[in-house]
Amino acid sequence: MEKKNIDWASLNFTYIPTDYRYVSTYRDGAWDDGALVTDPNVTINESAGVLQYAQTCFEGLKVYTTADGRIVAFRPDLNAQRMVDTAKRLLMPVFSTERFLDALTQMVRANLAYVPPYGSGATLYVRPYLFGSGPVIGVAPAPEYTFRMFCTPVGPYFKGGIKPLRLQVSAYDRAPPRGTGHIKAGLNYAMSLFAGNEAKKNGFSENLFLDAATSTFVEETGGANFIFITKDGTVVTPKSPSILPSITRRSLMYVASEILGMKIEERPVPLKEIPSFVEGGLCGTAAVISPIGSITTAEGEIFIPSGMEEMGPVTRLLYDTLTGIQMGTVAAPEGWIYPIA
Ligand code: PLP
Ligand code: COI
């Protein structure tokens with residue numbers, strides 16, 4: 001397979017259109033057969049549910065070239081299932097896991113020239129999304145829906161690769177609808193833009209969101225969950241109903257406990273506990289595990305002991321094991337690696 005002439009190593013997390021994307025439409029109570037198309041633009045009615053009432057959701061997953069040259073996806077069935085959960089909560093028709101995996105296979109096989117080679121530092125990011133494309137004017141679910149999936153080759157989500165990040169705790173929250181933590185709805189992301197932008201203007205990499213009810217517990221950032229390491233080596237991750245149930249985080253907690261034999265805890269994490277952690281990281285499909293160097297609160301900057309230069313040793317071990325599983329150099333738990341080509 002002739003690859004595109006792309007400088008893989010210098011890619012950032014930016015959109016590069018590829019040759020094909022997948023589209024399926026839901027009309028009169030049924031999804032059509034779906035097809036690959038070449039046009040990256042979407043034409044919809046001015047009163048489409050997505051435009052008027054943000055009836056939409058998205059997923060994000062990655063496709064890798066393994067050390068022995070296979071093209072695989074990491075746990076795409078979990079993205080499919082999360083999209084099913086989200087669709088139900090947003091009154092959108094469910095796009096089945098079988099259809100989702102078939103769309104993924106078709107779409108990636110059609111874009112093989114864009115799958116970054118093993119060891120290039122880049123991966124193929126896949127963005128499935130589902131939205132109300134039919135017109136509504138009263139507040140109601142749309143009469144017609146579109147499922148689409150495209151892909152784009154990406155490098156690191158945070159500039160500087162895996163250098164520790166400085167985060168800021170700001171006064172802004174995402175005003176998340178209570179109890180909708182599992183929903184990647186347009187509203188939550190649009191609400192997180194302001195705080196993220198303020199943090200970046202202030203020279204930080206990201207904003208750390210606290211719980212909206214009490215502003216005392218650590219939630220997540222605009223695009224990733226947290227993990228922290230305690231002095232005794234326990235991996236701690238925040239428990240909250242209003243954060244995204246990250247697939248990376250679930251996988252890391254499993255890797256930590258079942259493969260590496262570490263102690264894990266999922267529990268509320270008070271902001272005031274931060275100074276006692278020895279390592280911290282942001283985890284997610286895009287973020288992978290990005291180490292945290294410091295967190296700035298209203299009272300000042302808390303430096304994480306592992307420092308501003310390198311990943312801490314536990315974070316490094318988790319990172320190497322997870323990425324090893326994804327790239328086929330570490331044995332994967334049953335069902336984690338989905339073969340595409
Ligand atoms: N939290 C938010 C707000 C996200 O957008 C993401 C990215 O998908 C995550 C967490 C990480 O989730 P996952 O590991 O499933 O990619
Ligand atoms: C992902 O990690 O896939 C996400 O959805 C994060 C996104 C904000 C880029």
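**Helix α3**

Select helix α3, in which Phe100, Leu101, Ala103, Leu104, Thr105, Met107 and Val108 are buried. Buried here denotes under 20% relative accessible area, exposed over 50%, and partly exposed in between (1.4 Å probe, protein chains only). Helices (H or I, at least four residues) and strands (E, at least two) are DSSP runs, numbered from the N terminus. Helix α3 covers residues 97–110, and its 14 residues should span 20 Å at 1.5 Å a residue; the end C-alpha atoms are 20 Å apart, which agrees. The expected span is 1.5 Å times one less than the number of residues in the helix. An α-helix has 3.6 residues a turn, so residues three or four places apart point the same way.

**Basis of the model**

The structure is a predicted model, in which local features need pLDDT of at least 70 and side-chain atom pairs count only at pLDDT 80 or more, whereas totals for chains, interfaces and linings use all residues. Residues are numbered from 1 along each chain as its sequence is written, chains are lettered from A and ligands numbered from 1 in the order in which they are written, and side-chain values use heavy atoms, with hydrogens and water left out.

**The whole protein**

The protein contains 6 helices and 17 strands. Its radius of gyration is 20 Å, close to the 20 Å that the globule rule gives for 341 residues, so the protein is as compact as a globular protein of that length. That radius is taken over C-alpha atoms, and the globule rule is 2.2 Å times the number of residues to the power 0.38. Along the principal axes, the C-alpha atoms fill a box of roughly 55 × 50 × 35 Å.

Of the 341 residues, 54% count as buried. Among contacts with a separation of 6 or more, 70% are accounted for by residues 24 or more positions apart; contact means heavy atoms within 4.5 Å.

**Serine 251**

Next, select serine 251, which is placed in helix α5 (residues 247–259). Which residues does serine 251 touch, not counting those up to four places away in sequence? They are Phe74, Arg75, Leu322 and Trp336. Serine 251 counts as buried, at 0% relative accessibility.

**Salt bridges**

Turn to the charged side chains. A salt bridge is a side-chain nitrogen of Lys or Arg within 4 Å of a carboxyl oxygen of Asp or Glu, and by this rule the count comes to 12.

Select glutamate 309 and lysine 163, whose side chains meet in a salt bridge (2.9 Å, N to O). This pair links distant parts of the chain, 146 residues apart: glutamate 309 lies in the loop between β16 (300–303) and α6 (313–326), and lysine 163 in the loop between β8 (145–154) and β9 (165–169). Glutamate 309 counts as exposed at 56% relative accessibility, while lysine 163 is partly exposed at 39%.

Move to helix α6, where arginine 316 and aspartate 320 lie 4 residues apart, about one turn of the helix. Their salt bridge has its closest N and O atoms 3.2 Å apart. Arginine 316 is partly exposed, with a relative accessible area of 30%, and aspartate 320 is likewise partly exposed, at 37%.

Elsewhere, salt bridges that share partners join Lys263, Glu265, Arg267 and Glu273 into one network. Glutamate 265 counts as partly exposed at 26% relative accessibility.

**Positive phi angles**

Most residues other than glycine have a negative phi. Select aspartate 28, where phi is positive, near 50 degrees. Aspartate 28 lies in the loop between β1 (21–27) and β2 (30–31) and is exposed, with a relative accessible area of 79%.

Serine 215 also has a positive phi, of about 55 degrees. Serine 215 is found in the loop between β10 (206–208) and β11 (225–229) and counts as partly exposed at 45% relative accessibility.
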